[in-house]
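Please read it alongside the sequence and the structure shown here.

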Amino acid sequence: MSVLAQIEQWPADNAVSLVVNGDGAIVAEHGDTQRVYPLASVTKLLSTYAFLIALEEEAITLEDPAGPDGSTVHHLLAHTAGYDFDSTTIRYAVGTKRGYSNTGFEVLAEHLEKETGMSFSEYAQEAVFAPLGMSNTEIAGSCAKDGLSNAADLALFAAELLNPTLVAVETMQDATRVHFENLAGILPGYGRQNPNDWGLGFEIRSTKNPHWTGQNHPATTFGHFGQSGTFLWVDPEHRLACVTLTDKPFGQWAVEVWAPFNESVINAKKCYSEKYHSNDA
């Protein structure tokens with residue numbers, strides 16, 4: 001059985017997984033790559049990229065005040081503005097904890113809309129989806145959790161994350177390093193992490209344990225998972241990315257199978273060696 005075929009054993013009616021290499025090519029896939037799934041919080045990856053483009057275009061800046069008093073775009077992107085998970089309740093003082101928040105991203109989208117005069121979904125379409133040819137992707141509501149896409153489109157996006165063309169390489173490098181270091185916080189589904197490292201919109205694996213990626217993943221691995229049973233990670237050291245979508249909501253089943261699955265994807269990189277950089281074998 002191929003590595004990706006493990007998804008057949010998962011308690012989902014529909015599932016798809018694919019691997020993208022450092023050249024942006026799909027080197028393995030299993031399942032219907034055209035089926036559209038709700039992404040839940042994987043939406044934040046798409047929204048993050050739109051925010052990064054807006055930063056480069058100087059439509060917004062990291063220093064812009066946004067959110068609670070003392071909070072900026074920088075705090076909102078890095079989940080340190082103090083918001084509750086899914087409400088405007090302020091739980092922490094700005095910059096003191098990693099308070100993962102859908103609300104923070106939604107406030108960020110409102111700020112971008114105010115500065116550009118465009119709806120966030122329109123901005124993401126023009127800035128990200130259209131240029132990458134992601135014709136089956138949209139944000140149909142909250143920029144934090146209401147994305148819809150298929151694996152084929154997300155493979156294009158994963159290739160962009162590995163080889164940025166819409167933003168500068170330096171922008172991606174900055175977005176995928178830890179911002180506001182040494183902050184503890186709750187990683188939904190996996191409990192308290194200290195530190196609970198995050199970049200600008202991207203979750204960074206770092207030393208988190210337990211975690212949805214594998215123990216063999218480099219600390220620099222970044223990405224996101226969603227409560228709809230979805231995830232996308234990028235391993236910049238092995239130059240590999242994996243997109244996996246299911247229609248089974250996240251739960252204990254995912255905690256049990258995702259990490260071993262993702263470990264096996266990294267372990268199988270030698271199987272892809274002829275299809276991507278030979279020095280990664």
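Contact, as the word is used below, means heavy atoms within 4.5 Å. The model is predicted, and the protein it describes has seven helices and eleven strands. The radius of gyration of the protein is 18 Å, close to the 19 Å that the globule rule gives for 281 residues, so the protein is as compact as a globular protein of that length.

**Overall form**

- Along its principal axes, the C-alpha trace of the protein spans about 55 × 40 × 35 Å.
- Of the 281 residues in the protein, 58% are buried.
- When contacts between residues at least 6 apart in sequence are considered, 57% of them join residues at least 24 apart.
- The protein exposes about 11100 Å², and carbon and sulfur atoms supply 47% of that area.

**Surroundings of valine 94**

- Valine 94 is placed in the loop between α2 and α3 (102-116), where, at 26% relative accessibility, the residue counts as partly exposed.
- Leaving aside residues up to four places away in sequence, valine 94 touches Pro68, Asp69, Gly70, Ser71, His75, Thr80 and Ala81.

- The largest cavity holds about 80 Å³ of space, and its lining is made up of Ser41, Phe85, Tyr100, Leu187, Pro188, Trp198, Glu203, His224, Phe225 and Gln227.
- By class, six nonpolar, three polar and one charged residues form the lining of the largest cavity.
- In the lining of the second largest cavity, the division by class is three nonpolar, seven polar and no charged residues.

**Largest pocket**

- About 200 Å³ of space lies in the largest pocket.
- Its lining consists of Leu161, Leu162, Pro164, Val169, Met172, Gln173, Thr176, Thr220, Phe222, Val234, Pro236 and Arg239.
- Both α5 (151-162) and α6 (169-175) supply at least two residues each to the lining of the largest pocket, and the largest share, three residues, comes from α6.
- Sorted by class, the residues lining the largest pocket are eight nonpolar, three polar and one charged.

**Backbone geometry**

- Most residues other than glycine have a negative phi, and most peptide bonds are trans.
- The peptide bond that joins asparagine 194 and proline 195 is cis, with omega at about 5°, and proline 195 lies in the loop between β7 (191-193) and β8 (203-204).
- A cis peptide bond also runs from asparagine 209 to proline 210, where omega is near 5°, and the place of proline 210 is in the loop between β8 and β9 (222-226).
- Glutamate 58, although not a glycine, has a positive phi of about 60°, and this residue is found in the loop between α1 (43-56) and α2 (73-77).
- With 66% relative accessibility, above the cut-off of 50%, glutamate 58 counts as exposed.
- Phenylalanine 180, which is not a glycine either, has a positive phi of about 55°, and its place is in the loop between α6 and β6 (185-187).
- At 25% relative accessibility, phenylalanine 180 counts as partly exposed, because that class takes in values between the 20% under which a residue is buried and the 50% over which a residue is exposed.

Methods: Residues are numbered from 1 along each chain as its sequence is written. This is a predicted model: local features need pLDDT of at least 70, side-chain atom pairs count only at pLDDT 80 or more; totals for chains, interfaces and linings use all residues. Side-chain values use heavy atoms; hydrogens and water are left out. On a 1 Å grid over the protein atoms alone, a cavity is a set of points where a 1.4 Å probe fits but cannot get out, and a pocket is an open set with protein on both sides within 12 Å along at least five of seven lines; lining residues have an atom within 4 Å of a point. Grid points are joined across faces, edges and corners, and a volume is the space filled by probe spheres set on the points. Ala, Val, Leu, Ile, Met, Phe, Trp, Tyr, Cys and Pro count as nonpolar, Asp, Glu, Lys and Arg as charged, and the others, Gly among them, as polar. Helices (H or I, at least four residues) and strands (E, at least two) are DSSP runs, numbered from the N terminus. The radius of gyration is taken over C-alpha atoms; the globule rule is 2.2 Å times the number of residues to the power 0.38. Buried means under 20% relative accessible area, exposed over 50%, partly exposed in between (1.4 Å probe, protein chains only). Accessible areas come from the Shrake-Rupley method with a 1.4 Å probe; for residues, only the protein chains shown count as cover.
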